[in-house]
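Visitor: I would like to learn how to read a model like this one, feature by feature. Could we go through it together?

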2 protein chains.
Amino acid sequence: MSEAELPDIDEARETGLDEDDRLKPAFVRAILDAVEAGDNEGANALVEPLHAADIADLIEIAPADMRASLAAAISERIDGDVLAEMNDWVRDALVDALNPRQLADIAGELDTDDAVAIIEDLDEEDQRAVLRALDPDDRAAIEEALSYPEESAGRLMQRELIAVPEHWTVGDVLDYLRADDQLTTDFWEIFVVDPAHRPVGTCNLSWVLRTPRVVSMTDVMKREQTLIPVDMDQEEVALRFQKYALISAAVVDPSGRLVGVVTVDDIVHIISQEAGEDALLMSGAGDGDINEPIRDSYQARVRWLIANLFTAMLASGIIAAFGGAIEQMVALAVLMPIVASIGGNAGTQAMAVAVRALATNQLTKSNTLRTVRREILVALMNGLTIAVLLGSGAALLYASPMLGMVIASAILLNILVAGLAGVLVPVVLERLEQDPAVASSVFVTMVTDSMGFLAFLGLAVLSGLVTMG
Amino acid sequence: MSEAELPDIDEARETGLDEDDRLKPAFVRAILDAVEAGDNEGANALVEPLHAADIADLIEIAPADMRASLAAAISERIDGDVLAEMNDWVRDALVDALNPRQLADIAGELDTDDAVAIIEDLDEEDQRAVLRALDPDDRAAIEEALSYPEESAGRLMQRELIAVPEHWTVGDVLDYLRADDQLTTDFWEIFVVDPAHRPVGTCNLSWVLRTPRVVSMTDVMKREQTLIPVDMDQEEVALRFQKYALISAAVVDPSGRLVGVVTVDDIVHIISQEAGEDALLMSGAGDGDINEPIRDSYQARVRWLIANLFTAMLASGIIAAFGGAIEQMVALAVLMPIVASIGGNAGTQAMAVAVRALATNQLTKSNTLRTVRREILVALMNGLTIAVLLGSGAALLYASPMLGMVIASAILLNILVAGLAGVLVPVVLERLEQDPAVASSVFVTMVTDSMGFLAFLGLAVLSGLVTMG
């Protein structure tokens, strides 16, 4: 890219981006209008100052049926960086529209990790076609990456890295880096390896820069390392980066050989995704994404709605058993959803806290019991507050102190059960090696709905307010 | 720290950490037993191989009433790094137990950003005492940082950075870095500044290492920069780091002067926190953290439970209006919570997707209408599926095709309304410059509960199944 074509972020900010770095609607409209009018030159002029991430956003924001023509109009700017920044669903659709030769050109200019991210989603035939069109070196690197499990460190890592032998000095490293044109230009650490290519230490570039040429690399490097096994799940890799505040880390194969490097910019997306997906999973919205094909969203969500249908029928069955009691006192039917609804909310609160604590490794076997005790205490305080408000309100409204006592006891009981279920359901799911977020909500709501109706209607009968009919 | 005392991660992994890098319960127990038995030497021997992040975890996992004695027993290992890694609530309690002199010793050895994180939570008197005990240089740096708004880039940034004038060559930079002992040792970029100390370009260290000494820094640096205004909110800083895959970025004051640098390791915590907190906020669990004092958890959660009490009463009022109808057909009371419950779930799904899309800047003014249309389509497919299942089930169970029709229509209507509310409530909150996660759940549940009861009971009357009584 020549100097004149360099994206100018300040210009982009002025014309196209709002104060939160989002593309302005009028700017998007202007580009789409130019494309629709066949004015490719105009569209390219508008797009020119944008960063790759902004171009990716532009294509995501465009209506699905205009994305292909938009991409064709500004094809010179659709490079690997843009594809790497793009939402998975949007990228898949766009990649399907390109031919293997075009894809191979793009993949060849990328780091292994970004190239793999694009190629791994293709169907097998297209994958083979793209691999055939690549340089032999690129092909070997990408084929090896694809041999590791999906979402593992092996898929995530770059193979381009700087490794030097133990006996080198700082001066040797500087000469090597300046002499060899083929080396990668972007790296954050230098790895010192033994003759078997096993890492013995790592060295921040700032330490190398601050050290005289004669000093041995083994005196500059830090021996204490956080090594990532090549088959480690990406979520674990992300937790390790967070915990030890890493910028990059060596990836080793089972025999301890250095095979790649993971850098934090690839991890940041995973951290955000893993932390953000719990809210989606808890609600039963699956991967939830506004660019997901509608059929996929339907399939992901309807499963949990059907599960909810069954749990709601269980709660319904409890009400049916008290049908006679409700006929005697219709106020019971009026008030019972309040007990269930507030119990559900209290359960969701406890569950959200527990799921987050599990995800961040804050809730472990060592403090489970303490956390349960803590949630029971919070539930007791919440329960007493709501019980007093709801109980006195109901007693006044229906002029029945007994009805007030019944609903107060029922809501207190249900909030306690909700707090307990909110912690225990995710903890038990985690012990069973399930994702604690996925089905927690359905279980917790089942417990709080059923318990809400059972406690309220059951206490109404036990207190003599009504009979079973 | 001498070589012998260096933490040995492999040893720690063998003895104290499980495969997910969490402290093993038996290991925690052994340390706590040693502390209780007054065997500080034993406790220190066990803690020795641990990383600062693990020691922070250890103190978090210890029961609250043992944390002070544990910290006292292993006080040599409680340094700034450990405090910086610690959960806010746990750190506050521990810091309260230290005197200003001890705190100043710890704060003095930290980077500005970590020192500020510890000092900003102290009450004013303790803050002044710690600042008085600091070196004048440290004090000035920390006082300036404290003058920026909370959660702004100014609080987050380090002031330790490397900035060089435009006319320097790579050789000048190397000589400068090797000669001056006072410079920071850990940095990821070198900033090139003009005479007014405004950044004109940045330079990855790897580029400097690969370039001959005679080349001018202005030929190595990248002119295109992402500058962070010093008063920018940390959430915006995090989004910008994510979007442009930054490792570090220059922070500038309103006149454009370079005043600090933000690095990605400080951002990773914020990204994880911001992405993870939406699930907590949606449920009304506030900052939700298992280490939060119980009183704070109670106050955060009970507010939303009380809000929910009012919205549940609204739904209750709708049921009360149909009291006569329910007396005629108790099946209505049995079935109505199903309509509300599934509507609530469908609304939560749509809301979780919308809140996430807003948080990641994927849902903007340009595609709001399209997203609403998309959610209506998904809701239509979900609604038809559930309507057929529930309608035919109810018709068979109660031998009443009309009842089946009524409940099927009601659930279809409620799922459509839920999808609409799930998108529109967070979008409207965002337009009103409120956090779209915070109160969304209460509004959406209010809509789906009320609409569920109204549609089902209303249609039962309209269909002639029952009268208003």
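Guide: Gladly. Buried means under 20% relative accessible area, exposed over 50%, and partly exposed in between, using a 1.4 Å probe and protein chains only. At 72% relative accessibility, E433(A) counts as exposed. The model is predicted, so local features need pLDDT of at least 70 and side-chain atom pairs pLDDT 80 or more, while totals for chains, interfaces and linings use all residues. Residues are numbered from 1 along each chain as written, chains are lettered from A and ligands numbered from 1 in the order written, and side-chain values use heavy atoms, leaving out hydrogens and water.

Visitor: Where does E433(A) lie?

Guide: Helices (H or I, at least four residues) and strands (E, at least two) are DSSP runs, numbered from the N terminus. E433(A) sits in the loop between α22 (401–431) and α23 (440–462) of chain A. Most residues other than glycine have a negative phi. E433(A), not a glycine, has a positive phi of about 60 degrees.

Visitor: Which residue in the turn between β2(B) and β3(B) has a positive phi?

Guide: That is H197(B), with a phi of about 65 degrees, in a hairpin with five residues between the strands. H197(B) is partly exposed, with a relative accessible area of 30%.

Visitor: In what sense do β2(B) and β3(B) pair?

Guide: Two strands pair if DSSP finds at least two bridges between them. Here strand β2 (residues 189–193) of chain B and β3(B) pair in the antiparallel sense over five bridges, and I190(B) stands opposite C203(B). Strand β3 (residues 199–204) of chain B is largely enclosed by the rest of the structure, because five of its six residues are buried.

Visitor: Is N367(A) buried or exposed?

Guide: N367(A) is buried, with a relative accessible area of 4%, in the loop between α20 (331–359) and α21 (368–397) of chain A. Contact means heavy atoms within 4.5 Å. Leaving aside neighbours within four places in sequence, N367(A) is in contact with Q362(A), I61(B) and I290(B).

Visitor: How many residues does each chain give to the contact between chain B and chain A?

Guide: There are 138 residues from chain B and 138 residues from chain A. Buried area is the accessible area (1.4 Å probe) that two parts lose on being put together, summed over both. Between these chains that area is about 12,100 Å², of which carbon and sulfur atoms give 61%. In chain B, L209(B), R210(B) and I290(B) lose the most area to chain A, together 8% of what that side buries.

Visitor: What does the largest nonpolar core contain?

Guide: A nonpolar core is a set of buried Ala, Val, Leu, Ile, Met, Phe, Trp, Tyr and Cys residues joined through side-chain atoms within 4.5 Å. The largest has 140 residues, and those with the most contacts inside it are L70(A), V237(A), L70(B), V237(B) and F241(B). A second, separate core of 84 residues includes L309(A), A340(A), M336(B) and A387(B).

Visitor: Which domains does the assignment give for chain A?

Guide: Domain bounds come from an automatic or database domain assignment. For chain A they are domain 1 (3–151), domain 2 (163–279) and domain 3 (293–462). The C-alpha centres of domain 1 of chain A and domain 3 of chain A lie 47 Å apart.
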